[in-house]
Amino acid sequence: MKLNIQWKKVLYGIILIVIGIILVALHFIVGGNGIGNFISGIIAVISVLVILAGTYMTSSGIKNCK
């Protein structure tokens, strides 16, 4: 049962990485003039944080499965 929980953690980490990549693409779409650049910057910061969280979850989940 513990192995199943660890693989769920890996799956959630991969899903977070994919969401972060989607946010990076959205960051390039939103960029424009004044307020668009501000929102684009916020989206860029959120996407980096989501990718880092997903990477941490995935790596710790894989490490604990062994």
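Tutor: Let us begin with T58, which touches V10, G13, I14 and I17 when residues up to four places away in sequence are not counted, a contact being heavy atoms within 4.5 Å. Please keep in mind that this is a predicted model, in which local features need pLDDT of at least 70 and side-chain atom pairs count only at pLDDT 80 or more, while totals for chains, interfaces and linings use all residues. Residues are numbered from 1 along each chain as its sequence is written, and side-chain values use heavy atoms, with hydrogens and water left out.

T58 is found in helix 2, where helices are DSSP runs of H or I with at least four residues, strands are runs of E with at least two, and both are numbered from the N terminus. T58 counts as buried because its relative accessibility is 11%; buried means under 20% relative accessible area, exposed means over 50%, and partly exposed lies in between, with a 1.4 Å probe and protein chains only. The side chain of T58 also reaches the backbone oxygen of G54 at 2.8 Å, which can be set beside the rule for a polar contact: a pair of N or O atoms within 3.5 Å, where within protein one must be able to donate a hydrogen and the other to accept it, and residues adjacent in sequence count only if both atoms are side-chain atoms.

S47 belongs to helix 2 as well, and S47 is called buried because its relative accessible area is 1%. Leaving out residues up to four places away in sequence, S47 touches G20, L23 and V24.

I35 is part of helix 2, which covers residues 34-65, and I35 counts as exposed because its relative accessibility is 59%. Together with F38, I39, I42 and I46, I35 makes a nonpolar surface patch of about 480 Å². Patches are made of residues with over 30% relative accessible area and no salt bridge, like charges being joined within 9 Å and nonpolar side chains (Val, Leu, Ile, Met, Phe, Trp, Tyr) within 5 Å. A salt bridge is a side-chain nitrogen of Lys or Arg within 4 Å of a carboxyl oxygen of Asp or Glu, and accessible areas come from the Shrake-Rupley method with a 1.4 Å probe, where for residues only the protein chains shown count as cover.

Finally, let us set the helix in its chain, whose secondary structure comes to two helices and zero strands. The C-alpha trace spans about 50 × 10 × 10 Å along its principal axes. Among the contacts in the chain with a separation of 6 or more, 70% join residues 24 or more positions apart, and of the 66 residues 21% count as buried.
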